[in-house]
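Dear colleague,

Please find the structure below, together with its sequence. My notes on what was found in it follow.

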Amino acid sequence: MLSVKVEDYGETDDEMHYVTYRASGLNEKELEFLTNNLEGETVVEDGSLIINIFYSKKFFPFGSDAAQFKLEDFIKREEIEMTYFISSFLEDMK
């Protein structure tokens, strides 16, 4: 079963923002499809797909003041959204 967790997030030296996700519960065929077709940096590590997505400050999901007060809620929402995105993307594989 697909599970997505936010591993890390922040700002790079060149002021780009990023979120690193770990997607687990994928089979080899799904891992290969996602690695070859997703935008952003992807790597397979210990059977999980690590996805690093870069955002401008304007679109960074944890950049708002509200996110700072309810960070746990924003992280959970981001995990749900990425789970939905990956699931939808895998539908294209079929």
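In these notes, a residue is buried if its relative accessible area is under 20%, exposed if over 50%, and partly exposed in between (1.4 Å probe, protein chains only). This is a predicted model: local features need pLDDT of at least 70, side-chain atom pairs count only at pLDDT 80 or more, and totals for chains, interfaces and linings use all residues. Residues are numbered from 1 along each chain as its sequence is written, and side-chain values use heavy atoms, with hydrogens and water left out. Helices (H or I, at least four residues) and strands (E, at least two) are DSSP runs, numbered from the N terminus.

I begin with helix α1. This helix covers residues 28–37, and Glu30, Leu31, Phe33 and Leu34 are buried in it. Seen down the helix axis, these buried residues fall within an arc of 165°, so they line one face of α1; the arc is that of the directions from the axis to the C-beta atoms. The face turned away from the buried side carries the exposed residues Glu28, Lys29, Glu32 and Asn36. The buried residues pack against β3 (41–45), β4 (48–55) and α3 (71–91), where contact means heavy atoms within 4.5 Å. At the start of α1, the backbone nitrogen of Lys29 has a side-chain oxygen of Asn27 within 3.0 Å.

The next topic is the core. A nonpolar core is a set of buried Ala, Val, Leu, Ile, Met, Phe, Trp, Tyr and Cys residues joined through side-chain atoms within 4.5 Å. The largest one has 23 residues, and Tyr21, Leu26, Leu34, Leu49 and Ile86 have the most contacts inside it. Two or more residues come from each of β1 (3–11), β2 (17–24), α1, β4 and α3, with α3 giving the most, 5 residues.

The strands β3 and β4 run antiparallel and are joined by 5 bridges; two strands pair if DSSP finds at least two bridges between them. Val43 stands opposite Ile50 in β4. The hairpin of β3 and β4 has 2 residues between the strands, and Asp46 takes a positive phi near 55° there. Asp46 is exposed, with a relative accessible area of 77%. A positive phi, near 70°, is also found at Glu15, a residue other than glycine. Glu15 lies in the loop between β1 and β2 and counts as exposed at 58% relative accessibility.

Finally, I turn to the aromatic rings. Rings of Phe, Tyr and Trp (its six-membered ring) pair if their centres lie within 6.5 Å; planes under 30 degrees apart count as stacked, over 60 as edge-to-face and the rest as tilted. A search of the whole structure finds 5 aromatic pairs. One of them is the tilted pair of Phe33 and Phe89, at 5.7 Å centre to centre with 50° between the planes. This pair links distant parts of the chain, since Phe33 in α1 and Phe89 in α3 are 56 residues apart. Phe33 counts as buried at 19% relative accessibility, and Phe89 is buried at 18%. Phe89 also forms a tilted pair with Phe85, at 5.7 Å centre to centre and 35° between the planes. Phe85 and Phe89 are separated by about one helical turn, because they are 4 residues apart in α3. Phe85 is partly exposed, with a relative accessible area of 41%. Tyr9, Tyr55, Phe60 and Phe62 form one aromatic cluster.

With kind regards

Technical notes. A polar contact is a pair of N or O atoms within 3.5 Å; within protein, one must be able to donate a hydrogen and the other to accept it, and residues adjacent in sequence count only if both atoms are side-chain atoms.
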